[in-house]
Every structure is written in C-alpha cells, then in structure tokens.
Amino acid sequence: MGLKNNLLQIENISLSFGGNAALSDVSFNVRQGEIRAIIGPNGAGKTSMLNCISGFYRPQKGRILYKGVTDLTQTPTDKVATLGIARTFQNIALYTGLSTLDNLMAARHIHMRQNSLQSMLYWGAAQREEVAHRHAVEEIIDFLEIAHIRKAIVGSLPYGLRKRVELGRALAMEPELLLLDEPMAGMNVEEKEDMARFILDIYERRGVTIVLIEHDMGLVMDISDRVVVLDFGVKIADGTPDEVKNDEKVIHAYLGQA
C-alpha cells in the first residue's frame, strides 16, 4: 500500500494553566486512514491534546498542521469543523430537549449553503437541500441502528444510546478526521462491543481517520494501528500496540514500580 500521508502533524505542543503544565513538548503524527490511539493514566493530558486539535485550547508553544497546510492552533474554533474535523466528548454534549433526528439535523448546519434570503428567492433549491440533508441523516440513523429512537427526546434515553447519538451527530458533519474522547466510558460490555463495531465500520466502510482516547486497553490494542502514550503531559512511547504494551516506561506508568 505504501506509506500513508500525514493527515495531522503535532509539533512540540506545550500547554499550561496557571503555571501547571498539561502538555510538555508533545509531538506525534496521525496518518491518513488509520486508527490512532492516545492513552495514558488519568491526568496524562489526553483530553487536553484533543482540545488543542479541535481548537478549544490554544497551546502556548508548538503547532498542529492539518493536511500539511492549516495550523489548527491559529484556526478559529468554529472554522475547525468546516475543515472536516468532528469530535465527541467525554461528557456527552447533546441538545437534550430535542429528538435524535433533530440533534443529527442540527449537526448538518455546516453543510447548509442556503441562507434565508436565498431560501425566499429559490424555494425549490432550499427544499432540495433540506431533502439531501435529511437523506444523509437517515443513512446515519440506519448505520448506527438507532431508527427505533429517531423521534425520542435525547434527554430521556439511556446513557449508552445517548453516546451513540453523539457519535451520529459527529458523523453528520461528514468528517475526514474523527476525534473520539472515551466513546465507551460508562458503558456495559454489550454496549462497548456495539460501539467498537461502529468505530471499526466508520474506519473501514467510510474511510474516516480516527483519533481515539480510551481507557479500555484490550479494545485499544485490538483496533488501533498505532498508539501514543502520555504521562503527566509528556510523551513516553509511540508505536504499534505490541511495541507500546511491552515498553517498560508504559508498564511503569500504568502499574507503578514493581
């Protein structure tokens, strides 16, 4: 297949809050068409790194190049999604008073080209666009097997299904790069198996590059192409799952001194 292009290049990222370092000179890359895991103990800086990539945090040092051109550390947060980057959150961020369908439709706004004036002048074009967005959302609903909750108010759904709706909302943005922050946290075994299957389907059938933070080491080692390990904001390992799980620094970070 040959060497894949870098979709994301993280270069010497340092981030601190009030003198406390969350990330210290962290560098790694994400290749086009891979599942790239970021792991580490609690407080290692994993979510801080995702927040830098998605524009929620501005690092004091370093840059994050997307497709070798755009520095995400200088890109307004609301513009990051339009570049083809979507994410889910550790704490679910949905419109709890709206239905599943409405939550997914809301995520399509970045693809809606018809403004209100155009809609009045070209009613037919606006109608066609609405139908196209609805079709895209219906396809995601089928893909994630959530047709039975399409009209359910999200706030009334069980936790595992809400996590699935949030994944659907990220997919509705049609990302090239999907950032998943602990997509299986709080799930039971059956829900985790379902979510793992959906993540692999997104990767294999939709060709989406995935950056994954997850505490379930068995799952990470099963589905990831490469793994980067953080500890106290510092990168301590980077490689294939086999290389990482046999690394002495990683074993020490997770298990402590023998």
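User: What makes Asn188 a cap of the N-terminal end of α7?

Analyst: In this predicted model, a side-chain oxygen of Asn188 lies 3.2 Å from the backbone nitrogen of Glu190. A polar contact is a pair of N or O atoms within 3.5 Å, so the 3.2 Å pair counts as one and Asn188 caps the N-terminal end of α7.

User: Which residues of α7 are called buried, and what follows α7?

Analyst: The buried residues of α7 are Met195, Ala196, Phe198, Ile199, Asp201, Ile202 and Tyr203. Buried means under 20% relative accessible area. Just after α7, Gly207 has a positive phi of about 65°.

User: Why is the contact between Asp216 and Lys192 called a salt bridge?

Analyst: The closest N and O atoms of Asp216 and Lys192 are 3.5 Å apart. The cut-off is 4 Å between a side-chain nitrogen of Lys or Arg and a carboxyl oxygen of Asp or Glu, so the pair qualifies. Asp216 lies in the loop between β8 (209-213) and α8 (217-223) and Lys192 in helix α7 (residues 189-205), so the bridge ties together parts that are 24 residues apart in sequence.

User: Why are Asp216 and Lys192 called partly exposed?

Analyst: Partly exposed lies between the limit for buried, under 20%, and the limit for exposed, over 50%. Asp216 has a relative accessible area of 25%, and Lys192 has 26%, so both fall in that range.

User: What makes Lys67 and Glu176 a salt bridge, and which parts of the chain does the pair link?

Analyst: Their side chains meet at 2.6 Å, N to O, which is within the 4 Å cut-off. The pair links distant parts of the chain, 109 residues apart: Lys67 is in the loop between β4 (61-66) and β5 (70-71), and Glu176 is in the loop between α6 and β7 (177-181). Lys67, at 41% relative accessible area, is partly exposed, and Glu176, at 31%, is partly exposed as well.

User: How do you know that Asp181 and Arg87 form a salt bridge, and are they buried or exposed?

Analyst: Their closest N and O atoms are 3.6 Å apart, which is within 4 Å and therefore meets the rule. Asp181 lies in strand β7 and Arg87 in strand β6 (residues 85-87), so the pair ties together parts that are 94 residues apart in sequence. Both Asp181 and Arg87 are buried.

User: How many salt bridges are there, and which residues are linked in a network of them?

Analyst: The count comes to 18 salt bridges. Glu34, Arg36, Arg226, Lys235 and Asp238 are linked in a network.

User: What lines the largest cavity, and how does the lining divide by class?

Analyst: The count is 1 cavity of 30 Å³ or more, and the largest cavity has a volume of about 30 Å³. Thr88, Lys163, Glu166, Leu167, Pro183 and Met195 line the largest cavity. By class the lining has 3 nonpolar, 1 polar and 2 charged residues. Helix α6 (residues 159-171) gives the largest share, 3 residues.

User: What makes up the lining of the second largest pocket?

Analyst: The second largest pocket holds about 150 Å³ of space. Of its 11 lining residues, Gly43, Ala44, Gly45, Lys46 and Thr47 lie nearest its centre. The lining divides into 2 nonpolar, 7 polar and 2 charged residues, and helix α1 (residues 46-53) gives the most, with 3 residues.

Terms used
Residues are numbered from 1 along each chain as its sequence is written. This is a predicted model: local features need pLDDT of at least 70, side-chain atom pairs count only at pLDDT 80 or more; totals for chains, interfaces and linings use all residues. Side-chain values use heavy atoms; hydrogens and water are left out. On a 1 Å grid over the protein atoms alone, a cavity is a set of points where a 1.4 Å probe fits but cannot get out, and a pocket is an open set with protein on both sides within 12 Å along at least five of seven lines; lining residues have an atom within 4 Å of a point. Grid points are joined across faces, edges and corners, and a volume is the space filled by probe spheres set on the points. Helices (H or I, at least four residues) and strands (E, at least two) are DSSP runs, numbered from the N terminus. Ala, Val, Leu, Ile, Met, Phe, Trp, Tyr, Cys and Pro count as nonpolar, Asp, Glu, Lys and Arg as charged, and the others, Gly among them, as polar. Buried means under 20% relative accessible area, exposed over 50%, partly exposed in between (1.4 Å probe, protein chains only). A polar contact is a pair of N or O atoms within 3.5 Å; within protein, one must be able to donate a hydrogen and the other to accept it, and residues adjacent in sequence count only if both atoms are side-chain atoms.
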